[in-house]
2 protein chains.
Amino acid sequence: MGDSPEDRLIARHFKPLAKHPGTFGFSDDCSAIAPPAGHDLVLKTDGLIAGVHFFPDDPADGVARKALRVNLSDLAAKGATPLGFLLAIALPKGFDENWLADFARGLGEDADAYQCPLLGGDTDSTPGPTSISIAAFGGLPTGTMVKRSGAKAGDHVFVSGTFGDAALGLRVRRDRAIARNWKLDAAMSDHLVARYRLPQPRNALAEAVRAHARAAMDVSDGLAGDLAKLCGASRVSADIEVARVPLSPAAAQALAADPALVEPILTGGEDYEIACAIPPGAVNQFRAAANSAGVPVTDIGRIAASDASPRFLDEAGRALTFTRPGYSHF
Amino acid sequence: MGDSPEDRLIARHFKPLAKHPGTFGFSDDCSAIAPPAGHDLVLKTDGLIAGVHFFPDDPADGVARKALRVNLSDLAAKGATPLGFLLAIALPKGFDENWLADFARGLGEDADAYQCPLLGGDTDSTPGPTSISIAAFGGLPTGTMVKRSGAKAGDHVFVSGTFGDAALGLRVRRDRAIARNWKLDAAMSDHLVARYRLPQPRNALAEAVRAHARAAMDVSDGLAGDLAKLCGASRVSADIEVARVPLSPAAAQALAADPALVEPILTGGEDYEIACAIPPGAVNQFRAAANSAGVPVTDIGRIAASDASPRFLDEAGRALTFTRPGYSHF
């Protein structure tokens, strides 16, 4: 009546991550946490599937980090502080246990770094590809979640970080030769691929967003499409100056070499940056709070009173049109 | 900049399930719930994969119900009241949208029936089989989660419902002819298959378990293996009288026809019943509370002071041995 192979697998790789007392060392059916009094619980689930969201030969520790970080990014944009997460992982027959060991190591390191402990999980065998689903929980004072709705005409549209790196990085990852066309050196190519492989969620900015933003969301499916969602929920539009959308040196170099890249930069997705609407009177405070948090933020345009889609304006003031505004699975 | 096909799919099938105000009609990145003051949040994740946990041609509404119920069963055994759940679903290319419509309908009906609302989700496309992962949340007064640990020598081992139906039902589902060997009529065969397809989680018993049990767990991987886990966590053993393990008329009939079925009955899994340790002084109260809740419970043996595995004793007092104590994915 000893432990099953499944039990032993969990004990070897995931039990070391059971640092939260409410996990009972993963020896129970469920975990228990006490959410802080006077706080709401903010909930998110997002997953990764091999061959869809990552390459089967991507390093396992990075896959684990990405799986957690795409969820952390949503919590950050809502102004929530991470509390913990649940992991569901399905592994193909004959998986390499070293892969799982690397996966668990990366996951544990990020759980520590973001103070977001693993609270439980489910490990299955699948005839399909490796599939990872994470449900993440954050906390914030009751009723203070920053929603997509709430933006008002005249608000400044701020974004964190830079855009397009991951979308371009995915292209480089698929075909390294493309970097030559874009006149990228090796460091620039590596930067783009790294941004595709490993998002840098802006949890350091969560408090500033909660304090100052009227509306916010994390940009995961492309700036154009996601800003349209924020504007739609807020029943407003926006005028964005494309020249002000922040780019990394690598993305700027690629765009200079091929101006058509403006479309994947604005619609390609996987940026995991925050877009938010800041009322004019709060702009200085928001900038100061972002600066204190060490997160670069850029004012890229204004919310407008219209029910039209947001406009992305070139330097001549003409609105760009996109063949596909954002990523869709179907 | 209209909605994507993915957005429209979610709007058609899942938005009608967004009844909880904290879901914001699934128009935001995250949901927010306010856990009851003075309560712990109990967390569980468990999933189903086509070809592993269900047959690809099983009715979709039943697959949805099963996906939710296997999680509700864990919450029940811990003494928690359901608060809601997150759904991650990955669908193969070219999936039938009628399947998804049936899935969402079944899920919504069970969410209502168990007062466990859908709080958010993630919909992906996969090159593999349909995969469903649910993260469920329950609530209970702080510090009162009933754990696997806590059972003491002399406690009565109680179980809800009946055992072995699902394990036998799976065999019938695979090979209908086997029912003839077991001398089952059509109604008995149907009963077993229904118990395999659709668990009946014992959420009605949660309050009685929380009030009276020293230790509890839901039995999903077989009574023998799961009881060994409870005893292991409690650092005790148990003596179970196999003749007292409750069987449905169909399982009893099959066992009479083939006594070797005692092994799948006790180890086959998917029972989704509760096993718990009730102190002698609380037995009458527990029985009364279970009766009020309308859940049949049976006293099948005693917790023993030993670190040996639980013993399943036949009518001559001999301990049965099993080739495999419970289900393992690896």
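The exercises below work through strands, helices and the chain contact in a predicted model.

**Exercise 1. In what order do the five strands of the open sheet stand, and which stand at the edges?**

Step 1. The order of the five strands is 4(A)-3(A)-5(A)-2(A)-1(B), and their pairing is mixed.

Step 2. The edges are taken by strand 4 of chain A and strand 1 (31-33) of chain B, each with a single partner strand, so one side of each has no neighbour in the sheet.

Step 3. On average, neighbouring strands of this sheet are turned by 20° against each other, direction ignored.

**Exercise 2. Describe how strand 3 (residues 81-92) of chain A is joined to strand 4 of chain A.**

Step 1. The two strands run parallel and are joined by eight bridges.

Step 2. Two partners in strand 4 of chain A can be named: Thr123(A) for Ile89(A), and Thr126(A) for Pro92(A).

Step 3. Together with helix 3 (residues 97-113) of chain A, these strands make a β-α-β unit that is right-handed.

Step 4. Of the nine residues of strand 4 (residues 118-126) of chain A, seven are buried, so this strand is largely enclosed by the rest of the structure.

**Exercise 3. Which strands of chain A does helix 2 (residues 60-77) of chain A lie across?**

Step 1. The strands are strand 2 (39-49), strand 3 and strand 5 (131-141) of chain A.

Step 2. Relative to strand 2 of chain A, helix 2 of chain A runs at about 145°.

**Exercise 4. Are helix 4 (residues 165-174) and helix 6 (residues 186-197) of chain A roughly parallel or roughly perpendicular?**

Step 1. The axes of these helices cross at roughly 110° and come within 7 Å.

Step 2. Angles of 65 to 115 degrees count as roughly perpendicular, so helix 4 of chain A is roughly perpendicular to helix 6 of chain A.

Step 3. Residues making the contact include Leu168(A) and Val172(A) of helix 4 of chain A, and Leu192(A) and Tyr196(A) of helix 6 of chain A.

Step 4. Sorted by class, this contact has seven nonpolar, three polar and three charged residues.

**Exercise 5. How many residues of chain B are in contact with chain A, and which element of chain B gives the most?**

Step 1. In chain B, 64 residues are in contact with 64 residues of chain A.

Step 2. On the side of chain B that touches chain A, strand 2 (residues 39-49) of chain B gives the most, with nine residues.

Step 3. That side of chain B divides into 31 nonpolar, 20 polar and 13 charged residues.

Step 4. Strand 2 of chain B also pairs with strand 1 (residues 31-33) of chain A, in the antiparallel sense, over three bridges. In this pairing, Leu43(B) stands opposite Ser31(A).

Notes. Residues are numbered from 1 along each chain as its sequence is written. Chains are lettered from A and ligands numbered from 1 in the order in which they are written. This is a predicted model: local features need pLDDT of at least 70, side-chain atom pairs count only at pLDDT 80 or more; totals for chains, interfaces and linings use all residues. A residue is buried if 20 or more other C-beta atoms lie within 10 Å of its own, exposed if 12 or fewer, and partly exposed in between; C-beta atoms are placed from the backbone. Helices (H or I, at least four residues) and strands (E, at least two) are DSSP runs, numbered from the N terminus. Two strands pair if DSSP finds at least two bridges between them. A crossover is right-handed if, with the strands pointing away from the viewer, the path from the first strand over the helix to the second runs clockwise. Axes are lines fitted to C-alpha atoms, for helices over the stretch in contact, and angles run from 0 to 180 degrees between N-to-C directions. Angles under 35 degrees count as roughly parallel, over 145 as roughly antiparallel, 65 to 115 as roughly perpendicular and the rest as oblique. Two residues are in contact if their C-beta atoms, placed from the backbone, lie within 7 Å. Ala, Val, Leu, Ile, Met, Phe, Trp, Tyr, Cys and Pro count as nonpolar, Asp, Glu, Lys and Arg as charged, and the others, Gly among them, as polar.
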